[in-house]
Amino acid sequence: MNSRIVQIVIIFLLAFFTGVNFVVFPALGTAFTDSSLFGLSSSQFGNLFIPQVICIIISCLGAPFLVNKFGPKKVLIAGLLLMITSTGILWVLQFFMNYKSLLFPVLMVLVAFTGSGFGLSITTLNPLAASLFEKQKSSAILILNFLVGLGTSSSPLMMNLIGNVNNWMYVPASIFILVSIIFALFLLLKLEKGTFFELPKYFKIPAKLWIFFIAIVLYGFIEGTFGSFGAIILKNQGLDNNKASLGLSLFWGGIALNRLLFGIFSKNNDLSYVFLFSPLIVAGLLLILLLYPNVSLIILMMFMIGFFMGSIFPGSIGWGTVEFPTLSVLVSGFLMAANQIGTGIITNVLGNFSNQTNIIFEFLIGCMILICVLLFYLKKNSKIKEAF
């Protein structure tokens, strides 16, 4: 069980199932808001994810220091147990549906568990994947994030597969069983702490890493906008519900496809300039969306926007890992937290502007141009060629 190939398979499977487990609560949105089931109001359902964002940020920032002290395996065990426990208790709630006044606070705690577990797990999995591919760190992180994205897209499909919303309990039950199996296999692995996961005794966050942080906060604005308000924006542009859903599916599909292709082809090809110019291409595509709101064109543009956005976030983690090899876990946690900060801010602010599509697009275009400027600044005297 301790061969390198087995380790790779289990670690990357963990990434996929962590993504599946992470979105169990959003996937059950229809059950949570159904008056005959959980009976949450729209505002309660929206507030449900506030502790998740807060706990992800805290766990992402704390994980590097925990990994430094206890090693990656113990931190991953803690993170996975938090997620598994949350999903298991969610399944058990089917037997307490008569206590409706208690359901919302219990769900808040479970969402906090899931957020904490996800932050600890993903922050640790990124450098763990990089450590298994010493010469292809960035590619390993890109493919790992592709699998996480694939996992997050599969959980909502489970709700469609069970059909009737009254069968909601089969979603957490199946996820609990699957994640528990891969968790049991993970326990059999022998993972050494190694110097790769150690932080220097004395260090300060490099100025360049702060610039990465700012760029990823801006990226979080874009991802959070389409993730939370994408359907509203697309409907404002003239799409009906079905086409808006298709556009969002293509957007997330484009992100996933880019990460997979980047991870595969960056091993033998110099894709550094593709990465650097990606934000500028996204800005151009957003400008087309703003100026020419043609229904067919919008759907195509959503795929293209997602595609060229795909490598920005995991690529930055990979580049940062190459740039600061003694701070690999810190890079992962710091930039994961940056993404959640950006997503959290835009989700809470954009509600006031959700019907002002032009302003939103102009803001996103400005963010992408600024990201491109920051990336080119970071390129000076950097190791970007090693990352891509």
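**Exercise 1.** Which helix supplies the largest share of the nonpolar patch?

*Solution.* The structure is a predicted model, in which local features need pLDDT of at least 70, side-chain atom pairs count only at pLDDT 80 or more, and totals for chains, interfaces and linings use all residues. Residues are numbered from 1 along each chain as its sequence is written, and side-chain values use heavy atoms, with hydrogens and water left out.

Step 1. List the members: Tyr273, Phe277, Leu280, Ile281, Ile369, Leu370 and Val373 make a nonpolar surface patch of about 580 Å². Patch residues have over 30% relative accessible area and no salt bridge, and nonpolar side chains are joined within 5 Å. A salt bridge is a side-chain nitrogen of Lys or Arg within 4 Å of a carboxyl oxygen of Asp or Glu. Accessible areas come from the Shrake-Rupley method with a 1.4 Å probe.

Step 2. Assign the helices, which are DSSP runs (H or I, at least four residues) numbered from the N terminus. At least two patch residues come from each of helix H12 (272–291) and helix H16 (357–379).

Step 3. Conclude: H12 gives four residues, the largest share.

**Exercise 2.** Classify the exposure of Phe277, Ile54 and Asn381.

*Solution.* Step 1. Set the classes: buried is under 20% relative accessible area, exposed is over 50%, and partly exposed lies in between.

Step 1. Phe277, in helix H12, has a relative accessible area of 37% and is therefore partly exposed.

Step 2. Ile54 belongs to helix H5 (residues 50–70); its value of 44% makes Ile54 partly exposed.

Step 3. Asn381 lies in the loop between H16 and helix H17 (384–387). Its relative accessibility is 80%, so Asn381 counts as exposed. This non-glycine residue also has a positive phi, near 55 degrees.

**Exercise 3.** Describe how H12 packs with H13 and how H1 packs with H9.

Step 1. The axes of H12 and helix H13 (residues 295–309) are 9 Å apart, at an angle of about 165 degrees. H12 is therefore roughly antiparallel (an angle over 145 degrees) to H13.

Step 2. Helix H1 (residues 4–22) and helix H9 (residues 170–187) have axes that come within 10 Å and cross at roughly 155 degrees. H1 is thus roughly antiparallel to H9.

Step 3. H1 passes H9 in a left-handed crossing.

Methods
Patches are made of residues with over 30% relative accessible area and no salt bridge: like charges are joined within 9 Å, nonpolar side chains (Val, Leu, Ile, Met, Phe, Trp, Tyr) within 5 Å. Buried means under 20% relative accessible area, exposed over 50%, partly exposed in between (1.4 Å probe, protein chains only). Axes are lines fitted to C-alpha atoms, for helices over the stretch in contact, and angles run from 0 to 180 degrees between N-to-C directions. Angles under 35 degrees count as roughly parallel, over 145 as roughly antiparallel, 65 to 115 as roughly perpendicular and the rest as oblique. A crossing is left-handed if the near helix is turned anticlockwise from the far one by less than a right angle, and right-handed if clockwise.
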